[in-house]
Amino acid sequence: MTLFNFFINNPDTVFRLILEHLQLTGSAILTAIIIGVPLGIALTRNKHLANIMLAVTSVFQTIPSIAFFGLLIPFLGIGKRTAILVLFLYALLPIVKNTYTGIKEVSPFMIDAGRGMGMTNMQILRMVELPQSLSVIMAGVRIATVINIGTTTIAAYIGAGGLGELIFTGIQMYRNEMILAGALPAALLAILADQVLGYVELMLTPKGLRKKR
């Protein structure tokens with residue numbers, strides 16, 4: 001009942017923090033998609049560069065998020081800009097790697113068939129490679145989104161806002177209802193985002209391929 005009362009008594013605060021949380025996560029994920037998908041496609045054309053880039057992006061995943069925030073503060077200061085950059089770097093690896101893997105796993109016979117029909121490289125990419133690899137690419141986007149929603153809670157530690165404000169304040173004040181008021185909406189957002197992206201994947205998948213999934 002204490003948690004319920006907290007939501008009833010502070011609806012504006014919770015709603016504002018949810019919007020901030022979505023803004024941080026959405027900005028980072030959207031940027032990672034815009035950069036990561038074309039980069040993943042480009043890497044399939046250059047194996048040597050792919051090994052280097054995948055290794056570099058993997059390094060970002062090994063750095064603890066709280067340390068990553070701390071490392072960038074001297075250069076970018078505290079606030080949303082630093083948080084979005086860190087979240088973007090965390091989202092980049094699964095999107096780039098899954099795009100690269102998805103494209104590479106497309107059957108060479110299908111690509112050869114496309115060339116035999118007179119398709120250009122761009123047409124093969126648009127009409128053969130991307131439709132066939134969409135599920136793998138979207139899996140990377142979904143993983144990156146769910147991870148980022150959780151990581152965004154830490155962004156409150158550097159003054160970026162989001163549901164982490166309730167969690168950190170609750171820890172400092174020994175108020176479990178505040179901790180849960182931040183943690184539960186974050187968990188629900190992760191579940192909801194995964195479901196919405198799954199629906200987006202279904203809508204983007206050509207009807208002829210949906211039966212195979």
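This is a dialogue on reading features of a predicted model.

Student: What share of the residues counts as buried?

Tutor: A residue is called buried when its relative accessible area is under 20%. In the protein chain, 42% of the 213 residues count as buried. The accessible surface comes to about 11700 Å², and 68% of that belongs to carbon and sulfur atoms.

Student: How do I read contacts along the sequence?

Tutor: Look at how far apart the partners are in sequence. Among contacts with a separation of 6 or more in the protein chain, 74% are between residues 24 or more positions apart.

Student: Take Thr-25 as a case. Is Thr-25 buried or exposed?

Tutor: Thr-25 counts as buried because its relative accessibility is 4%. Thr-25 sits in helix α2, which covers residues 11-43. Leaving aside neighbours within four places in sequence, Thr-25 touches Thr-145, Asn-148, Ile-149 and Thr-152. With one of these, Thr-152, there is a polar contact between the two side chains, at 3.0 Å.

Student: What is a salt bridge, and how many are there?

Tutor: Side chains of opposite charge can pair when their charged atoms come close. Here the count comes to six salt bridges. One of them joins the side chains of Glu-129 and Arg-45, at 3.0 Å from N to O. This pair links distant parts of the chain, since Glu-129 is in helix α7 (residues 121-151) and Arg-45 is in the loop between α2 and α3 (47-62), 84 residues apart. Glu-129 has 6% relative accessibility, so Glu-129 counts as buried.

Student: Which residue pairs with Asp-194?

Tutor: Asp-194 meets Arg-142 in a salt bridge, with N to O at 3.0 Å. Because Asp-194 lies in helix α9 and Arg-142 in helix α7, the pair ties together parts that are 52 residues apart in sequence. Asp-194 is partly exposed, at 22% relative accessibility. Arg-142 is also partly exposed, with a relative accessible area of 22%.

Student: With which other residue does Arg-142 form a salt bridge?

Tutor: Arg-142 forms a salt bridge with Glu-201, and the closest N and O atoms are 3.4 Å apart. This pair too links distant parts of the chain, with Arg-142 in helix α7 and Glu-201 in helix α9, 59 residues apart. Glu-201 is buried, because its relative accessible area is 12%. Salt bridges with shared partners join Arg-142, Asp-194 and Glu-201 into one network.

Student: Which residues make the nonpolar surface patch?

Tutor: Leu-192, Val-196, Val-200 and Leu-204 make a nonpolar surface patch of about 340 Å². Val-196 belongs to helix α9, residues 176-204. Val-196 counts as partly exposed because its relative accessibility is 44%.

Note on methods: Residues are numbered from 1 along each chain as its sequence is written. This is a predicted model: local features need pLDDT of at least 70, side-chain atom pairs count only at pLDDT 80 or more; totals for chains, interfaces and linings use all residues. Side-chain values use heavy atoms; hydrogens and water are left out. Patches are made of residues with over 30% relative accessible area and no salt bridge: like charges are joined within 9 Å, nonpolar side chains (Val, Leu, Ile, Met, Phe, Trp, Tyr) within 5 Å. Accessible areas come from the Shrake-Rupley method with a 1.4 Å probe; for residues, only the protein chains shown count as cover. A salt bridge is a side-chain nitrogen of Lys or Arg within 4 Å of a carboxyl oxygen of Asp or Glu. Helices (H or I, at least four residues) and strands (E, at least two) are DSSP runs, numbered from the N terminus. Buried means under 20% relative accessible area, exposed over 50%, partly exposed in between (1.4 Å probe, protein chains only). A polar contact is a pair of N or O atoms within 3.5 Å; within protein, one must be able to donate a hydrogen and the other to accept it, and residues adjacent in sequence count only if both atoms are side-chain atoms. Contact means heavy atoms within 4.5 Å.
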